[in-house]
Amino acid sequence: MAGLELTSIRSPRVKSARRLAKRSFRQQDRRFLAEGPQAVREALALEGGLAELYTTAEAAQRHAELIAAAERAGVPVLRVSGEVMAELAQTVTPQGLLAVCAFLDVPLAGALSGAPRLVTVLSHVRDPGNAGTVLRASDAAGADAVVFTDASVDPYNGKCVRASAGSLFHLPVVTGPRYDTLIPALREAGLTVLAADGAGSRTLDDVADDGSLGRPTAWVFGNEAWGLPEEVRALADDVIRVPIHGKAESLNLATAAAVCLYASARAQRTVG
């Protein structure tokens with residue numbers, strides 16, 4: 001472990017890491033922060049994914065195998081005081097490990113190059129916790145990629161990274177495409193574009209029954225409060241609503257997304 005314990009938040013290394021809490025600096029440096037042992041483990045699994053590792057003395061003892069793996073990989077490991085870790089971390093109770101990671105996003109063409117069968121598109125999704133949970137559900141359902149449109153939250157937002165529970169490191173993520181290029185690219189890749197929205201004329205049960213969910217599909221999910229704009233719905237091949245069989249007014253974004261993605265995953269595996 002390099003050097004002495006860093007005890008000042010004015011240390012140049014600490015200041016460089018702290019600024020990554022802001023999106024503008026993340027974009028400038030193309031780096032982001034990820035907290036906790038799971039994030040460190042996932043970042044280490046990707047070549048070049050982990051740029052720096054900050055740890056408290058206690059966490060270094062508790063996670064000695066991760067510290068050793070980082071050092072073997074040539075990653076700078078810096079020991080910091082609890083006070084400095086509290087300044088670096090974005091959680092109320094830091095776990096004592098904080099990784100500075102390289103951006104992971106890929107070009108849209110690259111994400112769609114391998115005949116994808118299931119793609120998630122986040123449109124105007126602003127809540128980072130919801131976005132991270134949808135990313136996690138996409139990973140669990142076996143999606144081939146997740147696309148964050150230009151009007152959506154930054155996938156490298158700390159809350160989004162934590163809510164993804166490591167899934168950010170598992171599948172291709174595309175950031176920033178506009179619909180005028182995204183939708184044609186999805187169709188060219190052989191994907192049917194389904195917009196999930198409460199205003200849909202057909203239900204998820206309908207498309208499950210007619211077998212169309214077995215086709216390669218890109219699901220588009222909208223804003224937590226107002227759903228998908230009309231112009232986005234108009235670009236989709238179909239607008240689908242999740243049926244409500246009980247008395248609930250609606251499902252939240254992450255739950256609805258998980259239901260849709262797993263319906264597609266099941267149908268595609270049955271067809272396959």
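A contact here is a pair of residues with heavy atoms within 4.5 Å. Because the model is predicted, local features need pLDDT of at least 70 and side-chain atom pairs count only at pLDDT 80 or more, while totals for chains, interfaces and linings use all residues. Residues are numbered from 1 along each chain as its sequence is written, and side-chain values use heavy atoms, with hydrogens and water left out.

The secondary structure consists of 13 helices and twelve strands. These are DSSP runs numbered from the N terminus, with helices (H or I) of at least four residues and strands (E) of at least two. The radius of gyration is 20 Å, close to the 19 Å from the globule rule for 272 residues, so the protein is as compact as a globular protein of that length. The radius is taken over C-alpha atoms, and the rule is 2.2 Å times the number of residues to the power 0.38. The C-alpha trace spans about 65 × 35 × 30 Å along its principal axes.

Of the 272 residues, 51% are buried, a term that denotes under 20% relative accessible area (1.4 Å probe, protein chains only). The accessible surface amounts to about 12700 Å², and carbon and sulfur atoms contribute 50% of this area. Areas were computed by the Shrake-Rupley method with a 1.4 Å probe. The protein carries 28 positive and 30 negative side chains, and the centres of the two sets are 4 Å apart. Lys and Arg count as positive and Asp and Glu as negative, without His and the chain ends; charges are placed at NZ of Lys, CZ of Arg, CG of Asp or CD of Glu.

An unreviewed UniProt entry places the feature "domain: RNA 2-O ribose methyltransferase substrate binding" at residues 33-107. Such annotations may be inferred rather than shown by experiment. The span 33-107 is 40% helix and 25% strand, with its end C-alpha atoms 21 Å apart.

Most residues other than glycine have a negative phi. His124 has a positive phi, near 60°. This residue is found in the loop between strand 6 (118-122) and helix 8 (128-140), and is buried at 18% relative accessible area. Ala165 also has a positive phi, near 50°, and lies in the loop between helix 9 (158-163) and strand 8 (173-175).

Asn130 is placed in helix 8 and counts as buried at 18% relative accessibility. Leaving aside residues up to four places away in sequence, Asn130 touches Glu224, Leu253 and Ala254.

Note on methods. Buried means under 20% relative accessible area, exposed over 50%, partly exposed in between (1.4 Å probe, protein chains only).
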